[in-house]
Amino acid sequence: MADIITPENEEDLQAQIEEVEALSAIYGDEWCVIDEASRIFCIKISNGLDEPKLTACLQIILPPDYPSTAPPIYQINAAWLRGPEKTELAESLEDLYVEHAGESILYLWVERIREFLVEKSPSLEAVNQPEPVNMTAEEDDDDEEVPDFRTLRLNTENAHLFVQDAGGEEPPPIKHGDTITDRRSTFQPHVAPVVTPRQVKTVLEKLYENKKIASATHNIYAYRIYCEDKNSFLQDCEDDGETAAGGRLLHLLQILDVRNVMVVVSRWYGGILLGPDRFKHINNCARNILVEEGYTACTDEAHKSGPKSKKTKSKKTK
């Protein structure tokens, strides 16, 4: 029997939408939509340390009457978490919900789990160490304790669009932006209009036909596709080894409120660590090409049709 839509349900749904959008912006590619229609999400949480690195995956189902009268249904996946520690964490989350009954609770839950991971790390003196900045292609960031988010995404209704062969479909026109060079690392953005995930695939395939782009240390990308029939966005991102860069790039697209567009930023690593500056360069060159190609035009017509027409010639990859 279908759920009866009441004013309270509508308020809860709006609160859920706003909360999910905020969490996606805050946590970037750590936040994963498993099934938007069923309100199923998950997030990868870590203690932020190199050694020992503890991670957990929080899977959440949002019932129709959350947050007004019901708590989220959740499951924590972590191979190291069992017995008394699992009970302790569950009780902590339940206490938080009771303290904030009727309010959006997910952000508080995520940060409480993160605090719990830090508390359980034997090397507590490492808590205040800065985040590692050596994010090169050789970095191995796999973690067998956490489910593969790419696999989880294949459970969504749009999965077939990714796995079907493009069948020789012509890629959308790709424009290449100006490069930024800092301490021998070079960054270059590429942009293309996309309206289906299949086009995302064809854009990537076309870019990788270019030997210089294919040889880049990282090809970070993000895209946003507006689904008019559902009044929602289909969006995703990829770090390609540059940890957290994809999520930051997607966040930029969200802030600029661009749609039906894909941005790829190629980075050729020059052997000198740039630290946080690498994220600044990735987002700056992405922002520049979006502005140059007219994707940031804040008009209804631009929102519906993607980029506005312009006379500026595209720049070629050298």
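Asparagine 260 is buried, at a relative accessible area of 9%, where buried means under 20%, exposed over 50% and partly exposed in between, using a 1.4 Å probe and protein chains only. You'll find this asparagine in the loop between α8 (245–256) and β10 (261–268); helices (H or I, at least four residues) and strands (E, at least two) are DSSP runs, numbered from the N terminus. A polar atom of the asparagine 260 side chain sits 3.0 Å from the backbone nitrogen of tyrosine 226. The phi of asparagine 260 is near 55 degrees, a positive value in a residue other than glycine.

A quick word on what you're looking at. This is a predicted model, so local features need pLDDT of at least 70 and side-chain atom pairs count only at pLDDT 80 or more, while totals for chains, interfaces and linings use all residues. Residues are numbered from 1 along each chain as its sequence is written, and side-chain values use heavy atoms, with hydrogens and water left out.

Back to the backbone. Most residues other than glycine have a negative phi, and most peptide bonds are trans. Alanine 244 is not a glycine either, yet has a positive phi of about 80 degrees. Its place is in the loop between β9 (232–238) and α8, and with a relative accessible area of 21% alanine 244 is partly exposed. Then there's a cis peptide bond between tyrosine 66 and proline 67, with omega about 10 degrees. Proline 67 belongs to the loop between β3 and β4.

Strand β3 (residues 55–61) is mostly covered, with five of its seven residues buried. On one side of the pairing list, β3 and strand β2 (residues 40–46) run antiparallel over seven bridges; two strands count as paired if DSSP finds at least two bridges between them. Phenylalanine 41, for instance, has isoleucine 60 in β3 as its bridge partner. β3 also pairs with strand β4 (residues 73–77), again in the antiparallel sense, over five bridges. Here glutamine 59 has glutamine 75 in β4 as its bridge partner.

Now for the inside. The largest nonpolar core has 27 residues, and those with the most contacts inside it are Trp31, Leu58, Ile76, Leu106 and Ile113. Such a core is a set of buried Ala, Val, Leu, Ile, Met, Phe, Trp, Tyr and Cys residues joined through side-chain atoms within 4.5 Å. At least two residues of this core come from each of α1 (7–27), β2, β3, α2 (83–99) and α3. Helix α3 gives the most, with six residues.

Leucine 108 lies in α3 (residues 106–119) and is partly exposed, with a relative accessible area of 31%. Together with Ile26 and Tyr107, Leu108 makes a nonpolar surface patch of about 270 Å². Glutamate 119 is also found in α3 and, at 45% relative accessibility, counts as partly exposed. The C-alpha atoms of glutamate 119 and asparagine 47 are separated by 8.8 Å, although these residues are 72 apart along the chain.

Terms used:
Patch = residues over 30% accessible without salt bridge, like charges linked within 9 Å, V, L, I, M, F, W, Y side chains within 5 Å. Areas by Shrake-Rupley, 256 points an atom, 1.4 Å probe, with all protein chains shown as cover. Salt bridge = Lys/Arg side-chain N within 4 Å of Asp/Glu carboxyl O. Polar contact = N/O pair within 3.5 Å; in protein donor to acceptor, adjacent residues only side chain to side chain.
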